[in-house]
Amino acid sequence: MIVSETSGLESLGGDNYLLTLSVPEGRFAALGRFARLRSWPMPSLGPGTLLDRPFSIHGIGRGTLSFLIRKVGPATALLAGLAKGDPVRVIGPLGTGLDDLDPAFGEKKWYLVAGGAGLGPMGSLMAALGDRARLFYGERSGKSQVGSGYLRGLSRDADGSGIVTTTEDGTGYGLKGLVTEPLLRGLGEEKRPIVACGPPGLLAAAARAALDHGVGYFACAEARMACGLGVCLSCTLPKLDGSNFRVCREGPMVDGLSLDWDRIRA
Amino acid sequence: MPEKEINRGGPLGVEIGGLRLKNPILAASGTFGYGLELAPFCPPEALGAVITKGLSLEPWPGNPPPRVVEAAFGLINAIGLENVGLGTFLEKYLGPLKATGATVGANVLGRKPEDYVRLSGGLARSEVDFIELNVSCPNLRHPGGLSFGSDPGTLAFIVEGSVKAAGGKPVMVKLPPLVTDIVALAKIAEDKGAAAVSLINSLPALSIDLGTRRANLANGPGGLSGPPIKPLALRQVMLCSRALSIPVIGLGGIMDYRDALEFIVAGATAVQIGTGLLVDPTLPIRVIKDIALWLKKNNLKDLSEVRGSLKV
């Protein structure tokens, strides 16, 4: 648990912001883990929400850590209004990352699938995988999209060809339709394991795609979370074997074929 | 406050049912896991005691997600009492927790009144220091719809049987907050041999998503905790502490040392921190230090000068 300083806040288009915090170097080298952020006082002392908010670690720099913040409510509005030097309490890195689940993660080629704010964990994965990653990024509409310039910067290819974007209503840049459509075409051309992050419907669809094509699948699971530390059992999701899985401890990265998506509420 | 002073007890020490606690700050059930999960933030041995996640005779899976939603400055949960069961707790978790030197209370809950008696019997010869009977969880219901602790006859049966079965270990009874006469229930607990009562548990509550017109929790209702319930908790603690001769343990929305001291002014012997631990896992340590500083600043020898000092 540290109190960090805001070192920058960049608007990425739509309601998306890149929040960069200064942190002690080396502490956060973790793929697919998350942290609890709080820039507001304890609940009896002033405005804000009761709980911290959990965010996937988006970028790992030298002495910095960045988070993709989508302004959807009061807590994210406070984070998206931070100025340089403002303090942010960081508890992390928390949870199980991809390197815990698959030690050879960085050596394989992957399809990364992000739905909406599910782009969060993909920044550090793109940076770690370089041209071994192909990113499929989907939004409902153009007004939610992260700007194309920022997105291209996540790819090591100068032309951004490693990234495919979609909007369901066709109002944004990229293709019209569901993000799973180009993913399925990609799987038809070349089988690669999948990492997906986004709403439950997308994570379930990615599970079906992985099963149909016989590829591995890690989901970055999401659930309403209170402690983020494994004690309150708020964020558990059901597994197919009947047991419960804590998103904050055994996850957020999880074998996406082990969860019971039919019982996870959209 | 230096660590060794905390360990000696000193001005913060309290006694509950013959059990000496080094300070009056306890971790509330359900917010400290099985005792070691938060140790990097809050060493269990630094607390007056830790109270475990509620334990049943067999493991319980709990409710489907979503299990929590925020209310204005509060939290509504319907975890559904997911737990590993008494047997696994005793085999796997209790030993390492006791090895830290922590004082441990086991919170127990059942589907039938007899379950509490069996659970207390199962703990009688364990290393657990005391037992807390959860007869008040809003997520646990009697067939009649009331919690066990709201029904005087059922409460009397559970407390009397559990105290007998507990083999001399102090038994604390966590009472339901939303009742017509909290004092009458607390007195039943006292008469039947409870060493202390703890209050309040979370309040029955509901959160609605207007867009979908569904409850925000899969379970429907849940239990409200955090700062919104503190004023009600203070009032119930005041009433019970004045009417009983056994200690009253206060909880509900403690977020700093001032909140904790208000409970003690209202008459609490000790307090529990629950939702506050979810907001800040280091909170109890800070509260312990800040209470000691506050005593010093106000030239007070110990908490006996504060306890029940409410002026009315």
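In the predicted model described here, A:T167 stands opposite A:K176 in β11(A), with helices (H or I, at least four residues) and strands (E, at least two) taken as DSSP runs numbered from the N terminus. This is a predicted model, in which local features need pLDDT of at least 70 and side-chain atom pairs count only at pLDDT 80 or more, while totals for chains, interfaces and linings use all residues. Residues are numbered from 1 along each chain as its sequence is written, and chains are lettered from A and ligands numbered from 1 in the order in which they are written.

Strand β10 (residues 163-167) of chain A has 5 of its 5 residues buried, so it is largely enclosed by the rest of the structure. A residue is called buried if 20 or more other C-beta atoms lie within 10 Å of its own, exposed if 12 or fewer, and partly exposed in between, with C-beta atoms placed from the backbone. In a regular strand the side chains alternate between the two faces of the sheet. Accordingly, A:I163, A:T165 and A:T167 point one way from β10(A), and A:V164 and A:T166 point the other way.

Stepping back to the whole sheet, 7 strands of chain A form an open sheet of mixed pairing, in the order β11-β10-β9-β8-β12-β13-β16. Its edges are β11 and β16 (253-255) of chain A, each of which pairs on one side only. Helix α6(A) packs on the sheet, where it touches β8, β12 (194-197) and β13 (217-220) of chain A, and its direction makes about 165° with that of β12(A). Such axes are lines fitted to C-alpha atoms, for helices over the stretch in contact, and the angles run from 0 to 180 degrees between N-to-C directions.

Strand β8 (residues 110-115) of chain A is joined to β9(A) by 6 bridges, and the two run parallel. Within this pairing, A:V113 has A:F136 as its bridge partner, and A:A114 stands opposite A:Y137. Burial covers 6 of the 6 residues of β8(A), so this strand too is largely enclosed by the rest of the structure. A:W110, A:L112 and A:A114 point one way from β8(A), whereas A:Y111, A:V113 and A:G115 point the other way. Leaving aside residues up to four places away in sequence, A:L112 touches A:M122, A:L125, A:A133, A:R134, A:L135, A:F136 and A:V195; contact requires C-beta atoms, placed from the backbone, to lie within 7 Å.

A:L112 is also among the residues with the most contacts inside the largest nonpolar core, together with A:A206, B:A194, B:V197 and B:V271; this core has 184 residues. A nonpolar core is a set of buried Ala, Val, Leu, Ile, Met, Phe, Trp, Tyr and Cys residues joined through C-beta atoms within 7 Å. Helix α6 (residues 200-213) of chain A gives the most to this core, with 7 residues. Domain 1 (2-94) and domain 2 (98-263) of chain A both contribute residues, so the core lies between them. Domain bounds come from an automatic or database domain assignment.

The C-alpha centres of these two domains of chain A lie 21 Å apart. Their contact takes 20 residues from domain 1 and 25 residues from domain 2. On the side of domain 1 that touches domain 2, the largest share, 3 residues, comes from β4(A). By class, that side has 11 nonpolar, 7 polar and 2 charged residues, where Ala, Val, Leu, Ile, Met, Phe, Trp, Tyr, Cys and Pro count as nonpolar, Asp, Glu, Lys and Arg as charged, and the others, Gly among them, as polar.

Turning to the two chains, their contact takes 32 residues from chain B and 24 residues from chain A. β5 (68-71), β6 (74-77) and α8 (275-279) of chain B each supply at least two residues of the side of chain B that touches chain A. The residues of that side divide into 18 nonpolar, 8 polar and 6 charged.

Terms used
Pairing = 2+ DSSP bridges.
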